[in-house]
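Below are some notes on the packing and backbone of this model. Please read them alongside the coordinates.

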Amino acid sequence: MAGPDLPERVRAALGDRRTREVKMFGGISFMVDERMVAAARGDGDLLLRVDPARREDLLARPGAHEALMGEGRSMGPGWLAVDEAALTGAGLAEWLGHALDFHASPEEP
């Protein structure tokens, strides 16, 4: 089970951005400007919407793994999950930064 402080830490890290929280993906999803950026999941992972072109680079980092919808069903190349242990210290801000960079890109729908 995720530490109860992960949603609070995500809220704080997103700062003064216009956000909305939605219960989905097994936790609390954070929408920035009405687009999904991250979700603090009940299993302790942080789900992120990232640039599919950076998938392999990001998956090679400690704590990152493929985001799944149930057993063995990938959420696709624009999604990844990060273990709670990799979100300590500056880890959370770094991972959210990757999602926010994609969010700000003109290619993001």
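1. Basis. The model is predicted: local features need pLDDT of at least 70, side-chain atom pairs count only at pLDDT 80 or more, and totals for chains, interfaces and linings use all residues. Residues are numbered from 1 along each chain as its sequence is written, and side-chain values use heavy atoms, with hydrogens and water left out.

2. Main core. A nonpolar core here is a set of buried Ala, Val, Leu, Ile, Met, Phe, Trp, Tyr and Cys residues joined through side-chain atoms within 4.5 Å. Buried stands for under 20% relative accessible area, exposed for over 50%, and partly exposed for what falls in between (1.4 Å probe, protein chains only). The largest such core holds 21 residues, and Val 10, Leu 46, Leu 48 and Trp 95 have the most contacts inside it. At least two of its residues come from each of α1 (6–14), β2 (27–32), β3 (35–41), β4 (46–49), β6 (79–82) and α3 (91–104). Helices (H or I, at least four residues) and strands (E, at least two) are DSSP runs, numbered from the N terminus. α3 gives the largest share, five residues.

3. Leu 46. Neighbours within four places in sequence aside, the contacts of Leu 46 (heavy atoms within 4.5 Å) include Val 10, Ala 38, Leu 80, Leu 87, Leu 92 and Leu 96.

4. Another core, of eight residues, lies apart from the largest one; Met 31, Ala 39, Met 75 and Trp 79 are among its members.

5. Aromatic pair. Searching the whole structure gives one aromatic pair. Rings of Phe, Tyr and Trp (its six-membered ring) pair if their centres lie within 6.5 Å; planes under 30 degrees apart count as stacked, over 60 as edge-to-face and the rest as tilted. The ring centres of Phe 25 and Trp 79 are 5.6 Å apart with planes at 50°, so this pair is tilted. Because Phe 25 sits in the loop between β1 and β2 and Trp 79 in strand β6, the pair ties together parts 54 residues apart in sequence. Trp 79 is buried, at 15% relative accessibility, whereas Phe 25, at 30%, is partly exposed.

6. Positive phi. Phe 25, which is not a glycine, has a positive phi, near 55°. Asp 33, in the loop between β2 and β3, is also a non-glycine residue with positive phi, near 50°. Its relative accessibility of 35% makes Asp 33 partly exposed.
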